[in-house]
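Trainee: Could you take me through one part of this model up close? I'd like to hear about the nonpolar core, and then whatever helix packing you think goes with it.

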Amino acid sequence: MFVLSIIKDTIPIHPSRFGVPPEQALINELNKKYANRVLHDVGLCVCVFDIAEAGEGKVRYGDGFLWYTVVFRMTVFRPFASEVIIAKVKSSDENGIQLSVGFFDDMFIPLIYLPQPSAFDPNERAHFWLPSSEETSTHALLDSPLSDRMYIDQGEIVRVRVEKDEFYDDEPGPPKATEGVQVKREARRPPYSITCSIAEQGLGPLAWWKAAEVETMDEG
Amino acid sequence: MQVIKPRASLLSNYEVLDLLRELESDYLLKSKTAVRVKKEDEAAGVTAQRNYDPLEDISENLRTMEVEAIQYLSADYQPTRMQTPQGIAQLVKSITPYGLTKPEKLQIVNLAPTEAVELYVIVEELEDRLGETMQEVLDAVQASLTQPVSASAPQDAGGAPGAEVVIRREEMEVEVYEEDAQWDHAANDVEFVDAGEGAGVEGDLDLDDD
């Protein structure tokens, strides 16, 4: 789920940092600039892995900064398609399940990637799976005995497969109107989101597959 | 900014955890030194502001990332707490003959499947490709974990790595007192050497092309 990306950038070092060894000063600045940020089509930056190459610092006319050209390797969170990862259920609603891995929250399972047949129980605010049931309509599923239902509760640890990831470049838009005029903010799309699936044998809450039954495996 | 290679190579969860822990202990060391320097200044009656504070250089974002990622990667549902660099290197070596692809090997290292169901998810068409050797892969995984999952005292498995970390931190504290007021040299010593513990694993998982 983590990859190394090689990035090249020009970084200014403030004169007050000249006492720090240049390598450390550069890593600090790079972490300040990139850590916990999403790079378009690259992924979510975690931290600098190491510096591959750095030129001589140059002072430009106009400021006292030392400008370095650096090539460095960044640890990036970017699970590849079809990778299996472990995540936690953050919340559930009619549209699917929101997941989280702690440092990254924009992961979700849409309805089509839930094991079938399954339905959303509005009382429990959770989806449940009815294994070995022939019913398909939501009404029939909600009439099923509670003991047969396998709930995916909030906070549960689930094994999921990454189906696809999507980047969305949210343009800042035209300059903001002057004070007095309130610009209406529409809901922002996350810059990086991951769609996951649990509609497969072996995926879903870890507890489901702890005591692996041979019969269920044969079905798949 | 220019992205030269978005995916130069893959990293295992254990390597990332190791890197983050190193950053974390480095941070703890710095913050301790900073507090001590401040106290010494007060005792000596120095009122002039020091022009450089090492803690200023640690961004909030990096701290958030460190804390949350360490929490996730070392949670009790992750196998990282039972893994060792030697164990992982050994595991990668022992599953080479089965003709698995690099992403599959990476996931075996990350998820450490000890049951057949878990392996089914990771390896496509498992039965056709591995057949009878499936159990050997599972055994290799089991052997790479320091504390077998089926051990009678699973709660001990969590205690060991934690204790290790504490010891490492204590060592660092001792170091601090030896090198008086030379905190920046200590920081200089921390370098992310490529030929480190995880190097064997990483090299093996290098992507040749995109």
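Mentor: Start with the largest nonpolar core, which has 77 residues; the members that touch the most others in it are F77(A), L99(A) and F103(A). Bear in mind that this is a predicted model. Now zoom in on F103(A). Leaving aside residues up to four places away in sequence, F103(A) touches F2(A), L44(A) and F77(A), and on the chain B side M65(B), E68(B), A69(B) and Y72(B). In general, nonpolar side chains tend to be buried together in soluble globular proteins.

Stepping back to chain A as a whole, you'll find three helices and 14 strands. Of the 220 residues in chain A, 48% are buried. Take the contacts in chain A with a separation of 6 or more: 63% of them link residues 24 or more positions apart.

For helix packing, hop over to chain B. Helix α3 (residues 85–94) of chain B packs on helix α7 (residues 134–144) of chain B at about 165°, the axes being 9 Å apart. That angle is over 145°, so α3(B) runs roughly antiparallel to α7(B). The crossing of α3(B) past α7(B) is right-handed. On the α3(B) side you have G87(B), L91(B) and S94(B), meeting A140(B), V141(B) and S144(B) from α7(B). Sort that contact by class and you get three nonpolar residues, three polar and no charged ones.

Technical notes
Residues numbered from 1 in each chain as written. Chains lettered and ligands numbered in written order. Predicted model: local features only at pLDDT ≥ 70, side-chain atom pairs only at ≥ 80, totals over all residues. Heavy atoms only, no water. Axes fitted to C-alpha atoms, helices over the stretch in contact; angles between N-to-C directions. Helix = DSSP H or I, 4+ residues; strand = E, 2+ residues; numbered from the N terminus. Parallel < 35°, antiparallel > 145°, perpendicular 65-115°, else oblique. Left-handed = near helix turned anticlockwise from the far one by under 90°. Contact = heavy atoms within 4.5 Å. Nonpolar A, V, L, I, M, F, W, Y, C, P; charged D, E, K, R; others polar. Core = buried A, V, L, I, M, F, W, Y, C linked by side-chain atoms within 4.5 Å. Buried < 20%, exposed > 50% of the residue type's maximum accessible area, 1.4 Å probe, protein only.
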